[in-house]
Amino acid sequence: MTLAKAAPGKTLLTPTDHTLIMIDHQSQMSFATKSIDAVTLRNNAALVAKAARGFEVSTILTTVAEKSFSGPIFDEIKSVFPDHKVIDRTSMNTWEDERIAVEVNAFGKQKIVLAGLWTSVCIVGPALSAIDQGFEVYFIADACGDVSIEAHEMAVQRMIQIGARPMTALQYLLELQRDWARTETYEETVKTSIANGGAYGLGLIYAKTMFHASEGH
């Protein structure tokens with residue numbers, strides 16, 4: 001007989017079990033992105049970056065041809081990690097850059113979480129490569145984007161077919177918190193949700209303003 005236990009599933013993310021790689025959130029890449037509007041994309045990228053900072057997630061930031069073509073990483077990310085090294089590449093597949101391998105190996109995490117532009121190139125490449133090498137891969141679908149809805153959706157399907165796990169930016173934040181009684185990260189999670197959590201954030205503002213509500217009892 002199978003018995004229920006008050007324990008999380010092994011595929012749920014924790015702050016310490018994964019490395020987040022944010023890839024090519026840059027102006028030139030976003031100009032041609034049509035599967036998600038730029039305002040939503042920038043908001044979701046900010047949410048992911050703030051979640052990673054708040055939970056002290058091992059994080060890699062990378063760009064492609066920053067100085068010569070694509071421009072700097074979104075300020076919504078850079079402002080969250082002002083002193084963080086950003087690795088600038090020439091390779092379309094981030095995973096083929098030796099410096100990324102060095103960073104991933106230094107962190108030593110089995111799970112990889114990806115977000116970036118474009119889904120069909122900059123995310124599919126490292127997702128397929130990492131899975132082939134034995135890593136568990138997750139991707140934050142609404143912090144990614146592509147030149148068309150079809151391009152994004154085909155990339156998502158391709159990754160899912162080989163075992164990558166999709167999620168959203170808000171889901172990423174709340175999965176890391178997972179228990180409102182975790183007081184050490186509660187305030188930061190609420191603050192990020194209010195700033196970048198859309199309608200959920202509005203609900204938090206209302207509940208806390210009108211009723212002084214607190215999820216952690």
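User: Which residues count as contacts of Arg89, leaving aside its neighbours within four places in sequence?

Analyst: Contact means heavy atoms within 4.5 Å. With those neighbours left aside, Arg89 is in contact with Ile23, Asp24, Thr62, Thr63, Val64, Ala65, Thr94, Asp97 and Arg99. This is a predicted model, in which local features need pLDDT of at least 70 and side-chain atom pairs count only at pLDDT 80 or more, while totals for chains, interfaces and linings use all residues. Residues are numbered from 1 along each chain as its sequence is written, and side-chain values use heavy atoms, with hydrogens and water left out.

User: Why is Arg89 called buried rather than exposed?

Analyst: Buried means under 20% relative accessible area, exposed over 50%, and partly exposed in between (1.4 Å probe, protein chains only). Arg89 has a relative accessible area of 1%, and therefore it is buried. Arg89 is found in strand β3, residues 86-89; strands (E, at least two residues) and helices (H or I, at least four) are DSSP runs, numbered from the N terminus.

User: What makes the pairing of the Arg89 and Thr94 side chains a polar contact?

Analyst: A polar contact is a pair of N or O atoms within 3.5 Å; within protein, one must be able to donate a hydrogen and the other to accept it, and residues adjacent in sequence count only if both atoms are side-chain atoms. The side chains of Arg89 and Thr94 make such a contact at 3.4 Å.

User: Which residues of helix α8 are buried, and which elements do they pack against?

Analyst: In α8 (residues 169-177), Ala169, Tyr172, Leu173, Glu175, Leu176 and Gln177 are buried. The buried residues of this helix pack against strands β1 (18-23), β4 (111-116), β5 (136-140) and β6 (165-167), and against helices α2 (38-54) and α9 (183-196). Arg178 follows α8, with a positive phi near 60 degrees.

User: What is in contact with Ile131, leaving aside its neighbours within four places in sequence?

Analyst: Ile131 lies in helix α6, residues 119-132. With those neighbours left aside, Val137, Ile162, Gly163 and Ala164 are in contact with Ile131. The C-alpha atoms of Ile131 and Met159, 28 residues apart along the chain, are separated by 9.5 Å.

User: How does the radius of gyration of the protein stand against the rule for a compact globule?

Analyst: The radius is taken over C-alpha atoms, and the rule is 2.2 Å times the number of residues to the power 0.38. For 217 residues a compact globule would have a radius near 17 Å; the protein has 17 Å, so the value agrees. The protein has ten helices and six strands, and buried residues make up 46% of its 217 residues.
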